[in-house]
Amino acid sequence: MAQVFTTSSEQETVDLARRLGAGLRPGDVVLLRGDLGSGKTTFVRGIAGALGANPEGVTSPTFVLVQEYPGRTRLVHVDLYRLGGKAGIDDLGLDEFIGAGDAIVAVEWAEKLPGPVEGAVTVTIEDTGGDSRRITIDAW
Ligand code: ADP
Ligand code: MG
């Protein structure tokens, strides 16, 4: 069942993501959807904070598709923005991270995946004007 939240600042989005992140377990996958500038990377920062990783280390990679951050649980941050066309979890080698079961995997631009990922949490962020964002989480 989807839950819908509204945040009014970057910090509120970080706080929401921290709450979600606190309940994540190794092997969990978070798929982030939403336009450029909607707040996906910001959300990943909150997850990083919850895992004891340094949120400031979470950046929008220019060319790198996958970045890893050490923490209580390893965070694997994937940004598919520059991926031309669509590619599956297996094609991208992400199944290894997911299957290893010792990391949490967060994927920006999950729209580029060809299909759903079994058991994943989907976070959809919409810019509703100014600093307001509608964040739909399915399923927390
Ligand atoms: P994306 O990764 O989706 O491209 P970013 O997280 O990099 O987006 O950027 C989001 C931008 O929107 C940041 O500049 C942030 O300060 C701004 N912002 C304004 N309001 C919010 C909000 N409520 N939640 C998240 N980001 C917000
Ligand atoms: Mg981003």
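Reader: Is W109 buried or exposed, and how do you know?

Author: In this predicted model, W109 has a relative accessibility of 14%, and since the word buried is used under 20%, W109 counts as buried. As for its place, W109 is found in the loop between strand 5 and strand 6.

Reader: What is said about the phi of W109?

Author: The phi of W109 is positive, at about 60°, although W109 is not a glycine.

Reader: Why is the pair of Y81 and W109 called tilted?

Author: The ring centres of Y81 and W109 are 5.2 Å apart, and centres within 6.5 Å make a pair. The angle between the planes is 35°, whereas stacked would need an angle under 30 degrees and edge-to-face one over 60, so the pair of Y81 and W109 falls among the rest and is called tilted.

Reader: Which parts of the chain does the pair of Y81 and W109 tie together?

Author: Y81 lies in the loop between strand 4 (74-79) and helix 3 (94-100), while W109 lies in the loop between strand 5 (103-108) and strand 6 (121-127), so the pair ties together parts that are 28 residues apart in sequence.

Reader: How many aromatic pairs does a search of the whole structure find?

Author: The search finds two aromatic pairs. One of them joins F5 and W140, whose ring centres are 5.8 Å apart and whose planes meet at 55°, so this pair is tilted, given that edge-to-face is kept for angles over 60 degrees.

Reader: What kind of peptide bond joins D138 and A139?

Author: D138 and A139 are joined by a cis peptide bond, with omega at about -10°, and A139 is in the segment after strand 7.

Reader: Why is V4 called exposed?

Author: V4, which lies in strand 1, has a relative accessibility of 53%, and because the label exposed is used over 50%, V4 counts as exposed. V4 and I137 are 133 residues apart in sequence, and their C-alpha atoms are 6.4 Å apart in space.

Reader: Is V14 buried or exposed?

Author: V14, in helix 1, has a relative accessible area of 15%, and because this is under 20%, V14 is called buried. V14 and P55 are 41 residues apart in sequence and 9.7 Å apart from C-alpha to C-alpha.

Reader: Which residues of the largest nonpolar core touch the most other members?

Author: The core has 23 residues, and those that touch the most other members are L32, F43, I47, L75, V123, I135 and I137. Elements that give two or more residues to this core include helix 1 (10-22), strand 2 (29-33) and strand 7, and helix 2 gives the most, with four residues.

Reader: What lines the largest pocket?

Author: The largest pocket holds about 180 Å³ of space, and of its 14 lining residues the closest to the centre are L36, T41, S60, D79 and E108. Helix 2 (residues 40-50) provides the largest share of the lining, three residues, and by class the lining has four nonpolar, six polar and four charged residues.

Definitions and conventions: Residues numbered from 1 in each chain as written. Chains lettered and ligands numbered in written order. Predicted model: local features only at pLDDT ≥ 70, side-chain atom pairs only at ≥ 80, totals over all residues. Heavy atoms only, no water. Phe/Tyr/Trp six-rings, centres within 6.5 Å; stacked < 30°, edge-to-face > 60°. Buried < 20%, exposed > 50% of the residue type's maximum accessible area, 1.4 Å probe, protein only. 1 Å grid on protein atoms, 1.4 Å probe; cavity = no way out; pocket = protein on both sides within 12 Å on 5 of 7 lines; lining within 4 Å. Points joined across faces, edges and corners; volume = space filled by probe spheres on them. Nonpolar A, V, L, I, M, F, W, Y, C, P; charged D, E, K, R; others polar. Core = buried A, V, L, I, M, F, W, Y, C linked by side-chain atoms within 4.5 Å.
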